[in-house]
Amino acid sequence: MTDRRGTLLALEAPAKLNLSLAVLGRRADGYHELAGVMVLLELADRLTLRPGDEGLTIDGGSDVELPPDRDANLAWRGLRAAFGDAELEARLTLEKSIPVAAGLGGGSSDGAAAWRLGRRWVAAPPAEAGEIAGLAGRLGADVPFFAAAVPSAYVSGRGERVEPLAAATARPHVVLVDAGFRLPTADVFAALRPAEWSRQEPPRDAAVAGANDLLPAARRLRPELDDLAAAIRTAGGEPHLTGSGPTFFCLTDDAERAADLVARLAAAGVRATPTRLRTQAATIRSIAGEREHDAEEEP
Ligand code: C5P
């Protein structure tokens, strides 16, 4: 293994949006056959891996509640998947910024980022497509998209087929509308009815925000989503649901419009935050020796 004394690796774990999400059927493994466009956001968690005793430190806002069991944490599981049987003399720190169970893929992104950090730590060769696809089963359906480290992609199957797309540039400003509650993905899929599945695949285009077949199921579970969508329209936005929700997003072409929409929503009592689409995936930074203290506070 590479000598890592004094070296720290850092990587952002971006949130995602589903610009479109079509459910095409049910698979033999119980999962659903999906197809749609996924894009990365500037909003991100931050992970660091440093030499030390094996462990996981989670640092987040007061509203971040994650399972206390380390082995249930996707970041930890991603790191372990990369290390395999190798001894893990490293401490992973996870700084949460992405809301949990919001449809923004935070846990999956943490898992993929930790997996990328772990592979770099053990000096693994670049991952093959098959290894990335295998993460859908090992860590979760959204993980291959994040592990592929591309800003936008057409994702299909259970989530394991990732075809990179040209990054969208038309409407790069995003307003995320916080529903104020969580919605577990499994609950939304369980509430989905076959009549709500799509008959055809969505366009392979990262410039279009299309339909989300999970919206009717999410609305059935949480009817207050209709009031939220109405409030967004009244404030001048066009609401789209990301993933299984409950976060809605609006795309706009400039920062001023995004800020105006956030302000109008705030005036209506709705919490919204501006962010942007990414044009590039996050890259691993290696921080050596004396710079470590500038960049990091020891927990
Ligand atoms: O793979 P992951 O654990 O993220 O999926 C969470 C839940 O979402 C699954 O338990 C399943 O109920 C549902 N799901 C599905 N089909 C997919 C992805 C997720 O039914 N392609």
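Leaving aside neighbours within four places in sequence, which residues is Val-177 in contact with? In this predicted model, they are Leu-228, Ile-232, Thr-247, Phe-248, Leu-265, Val-270, Arg-271 and Ala-272.

**The core**

Val-177 belongs to the largest nonpolar core, a set of 28 residues. Val-177 is among those with the most contacts inside this core, along with Val-175, Leu-228, Phe-248 and Leu-265. Several elements each supply at least two residues of the core. The strands are strand 8 (173-177) and strand 10 (248-252). The helices are helix 5, helix 6 (215-221), helix 7 (224-234) and helix 8 (255-267). In soluble globular proteins, nonpolar side chains tend to be buried together.

**The ligand site**

Around the ligand sit Tyr-31, His-32, Leu-34, Gly-140, Ala-141, Arg-158, Thr-185, Ala-186 and Phe-189. By class, the shell divides into five nonpolar residues, three polar and one charged.

| Residue | Polar atom | Ligand atom | Distance |
|---|---|---|---|
| His-32 | side chain | oxygen | 2.7 Å |
| Ala-141 | backbone | oxygen | 2.8 Å |
| Arg-158 | backbone | nitrogen | 3.1 Å |

Taken alone, the ligand exposes 460 Å². The protein buries 74% of that area.

Terms used:
Residues numbered from 1 in each chain as written. Predicted model: local features only at pLDDT ≥ 70, side-chain atom pairs only at ≥ 80, totals over all residues. Heavy atoms only, no water. Near = heavy atom within 4 Å. Polar contact = N/O pair within 3.5 Å; in protein donor to acceptor, adjacent residues only side chain to side chain. Areas by Shrake-Rupley, 256 points an atom, 1.4 Å probe, with all protein chains shown as cover. Nonpolar A, V, L, I, M, F, W, Y, C, P; charged D, E, K, R; others polar. Core = buried A, V, L, I, M, F, W, Y, C linked by side-chain atoms within 4.5 Å. Buried < 20%, exposed > 50% of the residue type's maximum accessible area, 1.4 Å probe, protein only. Helix = DSSP H or I, 4+ residues; strand = E, 2+ residues; numbered from the N terminus. Contact = heavy atoms within 4.5 Å.
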